[in-house]
Amino acid sequence: MIIQLFDGAEQQRMMGLSSVFQGLGMFVITYFAGVLMNFSWQTAYWVYLVALPIALLVAFFVPKGVGQVEEPTTNVSTSNSKHVDGKVWVLSGFAFLFNVTFAFITIKFASLVVSRHYGTVMDASTLLGMMSFAMAAGGFLFMFIQKHWRAYSMAIALAFATAAFLILTMSQSLLLSGLGVIFVGIAVSVFMASMVTSVGYLTSAQQVPFSTSVAITCANVGTLVSPYIAQLFSQTSGNTTPAFTFLMGTFVFAILLILATLAGLNYSKLGYHATIKGVAKNAK
């Protein structure tokens, strides 16, 4: 909806703020889930009641039909709104691989800290909590990146992710691991906001809602299958150490970084263009 309802600098600001509050929301929800878990593990799921007031606010205050787009039909070859362009599928593949790899940190980070004897499970949990604040900071960083280096916003996110996993692969201290976790939080925030923004750039306004759903679904499926991918890496290599998993993640992020940089170099060619009386619909 942000992509459909806002343009230019305002769109960038809204996407950045969305990432900021997503990070803060993750921290708050995780905190209250921990508080509720003091009663029982089942009680922790009551945090999802937060969806109720959100649903009511949407029902009563968001105008009906908001976000619906009517594209001109004169001299325009309009595609079905459920059609997903090939470029969006490629972007969805990026999102899938990013989330598969990013989720290694929630699966293996505590094991990494404990196995290397420089911290406890509680220390690892504290550092992972910092990731939420890093995601919030990443939202502000996204606004700056979109303003100055829009074409390379995804590449910058992947550079943070690559550096983060490289740091975690080599880390022997909580301080260095904390830096890696912060970089991961920034990477996730900037990447996800860049991904959603890119959907609006790569396809027509009519196709944005469904195409965005496809990209986000692929990202979530990546998170879902991440434990199995991590296990596959360990089984095929015969190396079950957490450090090896992060090393493989570093390679994946590095490859995605190279591809994203190449896409940035050709950014103007990748945008969606629909000719309406000789005028391109989307400008760089």
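**Figure 1. Antiparallel packing of helices H8 and H9.** In this predicted model, helix H8 (residues 174-202) and helix H9 (residues 208-237) are roughly antiparallel to each other. The two helices pack at an angle of about 150°, and their axes lie 9 Å apart. Their crossing is right-handed. On the H8 side, the contact is formed by Met-192, Met-195, Val-196, Val-199 and Gly-200. H9 contributes Val-208, Ser-211, Thr-212, Ala-215, Ile-216 and Ala-219. Sorted by class, the contact of H8 with H9 comprises eight nonpolar and three polar residues, with no charged residues.

**Figure 2. Overall arrangement of the protein chain.** The protein chain contains 11 helices and two strands. Along the sequence, these elements follow the pattern α-α-α-α-α-α-α-α-α-α-α-β-β. Of the 284 residues in the protein chain, 42% are buried. Among contacts in the protein chain with a separation of 6 or more, 79% join residues 24 or more positions apart.

**Figure 3. The largest nonpolar core.** This core holds 60 residues. Phe-98, Ile-105, Phe-109, Leu-158, Phe-191 and Met-195 touch the most other members. At least two residues of the core are supplied by each of helix H4 (86-102), helix H5 (104-115), helix H6 (121-148), helix H7 (153-170), H8, H9 and helix H10 (242-265). H8 provides the largest share of the core, with 14 residues. In soluble globular proteins, nonpolar side chains tend to be buried together.

**Figure 4. Surroundings of Phe-191.** Phe-191 is one of the residues that touch the most other members of the largest nonpolar core. When its neighbours within four places in sequence are left aside, Phe-191 is in contact with Phe-94, Ala-95, Phe-98, Met-154, Ala-157 and Leu-158. Among these partners, Phe-94 and Phe-98 of H4 also take part in the contact with H7. Met-154 and Leu-158 belong to the H7 side of that contact.

**Figure 5. Parallel packing of helices H4 and H7.** The axes of H4 and H7 come within 12 Å and cross at roughly 20°. An angle under 35 degrees counts as roughly parallel, and H4 and H7 are therefore roughly parallel to each other. The crossing of H4 past H7 is left-handed. Leu-91, Phe-94, Phe-98, Thr-101 and Phe-102 of H4 meet Met-154, Leu-158, Ala-161 and Phe-165 of H7. The contact of H4 with H7 consists of eight nonpolar residues and one polar residue, and no charged residues are present in it.

**Figure 6. Antiparallel packing of helices H7 and H10.** H7 and H10 pack at an angle of about 160°, with 8 Å between their axes. This angle makes H7 roughly antiparallel to H10. The crossing of the two helices is left-handed. From H7, the contact draws on Met-154, Ala-155, Leu-158, Ala-159, Ala-161, Thr-162, Phe-165, Leu-166, Leu-168 and Thr-169. From H10, it draws on Ala-243, Phe-246, Leu-247, Gly-249, Thr-250, Phe-253, Ala-254, Leu-256, Leu-257, Ala-260 and Thr-261. The residues of the contact of H7 with H10 divide into 16 nonpolar and five polar, with no charged residues.

Figure 7. Leu-166 lies in helix H7. Its relative accessible area of 39% places Leu-166 in the partly exposed class. Leu-166 and Phe-253 are 87 residues apart along the chain, and their C-alpha atoms are separated by 9.9 Å. Both residues take part in the contact between H7 and H10. Leu-179 is found in helix H8 and, at 35% relative accessibility, also counts as partly exposed. The C-alpha atoms of Leu-179 and Ile-167 are 7.9 Å apart, and the two residues are separated by 12 residues along the chain.

**Figure 8. His-117 in the loop between H5 and H6.** His-117 lies in the loop that runs between H5 and H6. Most residues other than glycine have a negative phi. His-117 has a positive phi of about 60°, although it is not a glycine. With a relative accessible area of 72%, His-117 is exposed.

How values were computed:
Residues are numbered from 1 along each chain as its sequence is written. This is a predicted model: local features need pLDDT of at least 70, side-chain atom pairs count only at pLDDT 80 or more; totals for chains, interfaces and linings use all residues. Side-chain values use heavy atoms; hydrogens and water are left out. Axes are lines fitted to C-alpha atoms, for helices over the stretch in contact, and angles run from 0 to 180 degrees between N-to-C directions. Helices (H or I, at least four residues) and strands (E, at least two) are DSSP runs, numbered from the N terminus. Angles under 35 degrees count as roughly parallel, over 145 as roughly antiparallel, 65 to 115 as roughly perpendicular and the rest as oblique. A crossing is left-handed if the near helix is turned anticlockwise from the far one by less than a right angle, and right-handed if clockwise. Contact means heavy atoms within 4.5 Å. Ala, Val, Leu, Ile, Met, Phe, Trp, Tyr, Cys and Pro count as nonpolar, Asp, Glu, Lys and Arg as charged, and the others, Gly among them, as polar. A nonpolar core is a set of buried Ala, Val, Leu, Ile, Met, Phe, Trp, Tyr and Cys residues joined through side-chain atoms within 4.5 Å. Buried means under 20% relative accessible area, exposed over 50%, partly exposed in between (1.4 Å probe, protein chains only).
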